Amino acid sequence: MLGPRPTVAGPAETNHAPLTAPGATRAMEAVLERVLEARLRQARDTDAVFARDMADRLAAYVRRGGKRLRTAFVWCGWRAAGGSGDASGVLRTGAALELLQACALIHDDVMDGSPLRRGAPAMHVDFAHGHRAGRTGGSAESFGTSAAVLAGDLALAWADDLLTETALASPHGPRLFEEWRAMRTEMVAGQYRDLRAQASGSSGTEEALTIAVLKSARYTVARPLALGASLAGADARTLGALRAAGRCAGLAFQLRDDLLGAFGDPALTGKPADEDLRARKLTPLLAVAVRLAETTGDRDAAALLAPDADARPGHTVERMRAALERTGARAEVEARIADLAASGLRHFEATGAAPGVRREFAALVERASGVAPQQTEELV
């Protein structure tokens, strides 16, 4: 027995396909809001304290939003595979991805000890503040960490529930669920490789790229594209082209995020700009800088950027940024982003998607990577 049938979609979910990726994102927001309201009602029926302290906090966190790129990529994958008509599966899959993103960010902030997310206190910090304000016994930090882990688990449960309902309502449900299952495993694998690299003091470029692909590139672009294509019953050739496009575009996105993490404005990014540098977190940017410093004999840069470098007063973030510039790492990563963005677009064109969908994908890649990929004359 599969259990009860999934909830019937509301009117906004059964409209014909949104004409643009931004239109799909706006429609997804309405679906996500209905899902959150339903989950909050369920939480209140379960326990009033749990609903007030955790479910409400999680819903507010999700509503603060983010780039909402994943829904747009689901839509692109769906349209590239010939999807049309009822877009409810696309919108609900996009909403499930937003909930999964909340889980990933909450847990990532706990593991990294990050104080800010989306321009506000990170979930574990917010829970700790509430603990102190309530004059509750015990360690506020320990309480905040434990409660945030549970909040991330709750976001994952909400995401899985929604995706399962969507799969049960789709004729392509098994393929949709296979993509989802693979994505969740990749996310955990990438997060573990990240933790392991920090513990071992790794600085290898290949390891940094492996982490970036597992932890971000596939989950941000490649799997959303494949999820959308699965909802349209895509063939193997189309899925292969979309996965290749997503890997390139997703890695370009992560490399841009690394640059923003080192040089960005916290007022715009919503998170600290020096966190990864202070922790000497293994990113492709840092790995490239270490390699170039060692190759050119720049011992000062190598000492500053090494994963086991002492946090001495002279080892300031400003000096680390200067080393990233001086070694040529920033320029090399910028060039790599441009190459990856262009490659992503070429792979996407191989799907045979209509010119309008290809333009939408190019615009998304530009938004994610910060560079405009080269397009064929047909699309300009």
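## Close-up views of a predicted chain

**View 1. Asp 258 sits in helix α9 (residues 236-263).** Helices here are DSSP runs of H or I with at least four residues, strands are runs of E with at least two, and both are numbered from the N terminus. This is a predicted model, in which local features need pLDDT of at least 70, side-chain atom pairs count only at pLDDT 80 or more, and totals for chains, interfaces and linings use all residues. Residues are numbered from 1 along each chain as its sequence is written, and side-chain values use heavy atoms, with hydrogens and water left out. Asp 258 counts as buried because its relative accessibility is 6% (buried is under 20% relative accessible area, exposed over 50%, partly exposed in between, with a 1.4 Å probe and protein chains only). Leaving aside residues up to four places away in sequence, Asp 258 touches Thr 283, Pro 284 and Leu 285; contact means heavy atoms within 4.5 Å.

**View 2. Helix α5 (residues 123-133) and its cover.** Look for Met 123, His 124, Val 125, Phe 127, Ala 128 and His 131, the buried residues of α5. Their cover includes α2 (48-63), α4, β2 (120-121) and α6 (140-168). After α5 comes Arg 135, with a positive phi near 50°.

**View 3. The largest nonpolar core has 106 residues.** Such a core is a set of buried Ala, Val, Leu, Ile, Met, Phe, Trp, Tyr and Cys residues joined through side-chain atoms within 4.5 Å. Leu 99, Trp 180, Leu 305, Phe 348 and Phe 361 touch the most other members. Helix α4 (residues 88-112) gives this core its largest share, 12 residues. A second, separate core has five residues, among them Ala 197, Ile 211, Leu 282 and Ala 287.

**View 4. Leu 305 and its contacts.** Not counting residues up to four places away in sequence, Leu 305 touches Arg 280, Leu 286, Ala 289, Val 290, Met 320, Ala 323 and Leu 324.

**View 5. Stepping back, the chain has 16 helices and two strands.** Its radius of gyration is 21 Å, close to the 21 Å that the globule rule gives for 380 residues, so the chain is as compact as a globular protein of that length (the radius is taken over C-alpha atoms, and the rule is 2.2 Å times the number of residues to the power 0.38). The C-alpha atoms fill a box of roughly 65 × 60 × 35 Å along the principal axes. Of the 380 residues, 53% are buried.
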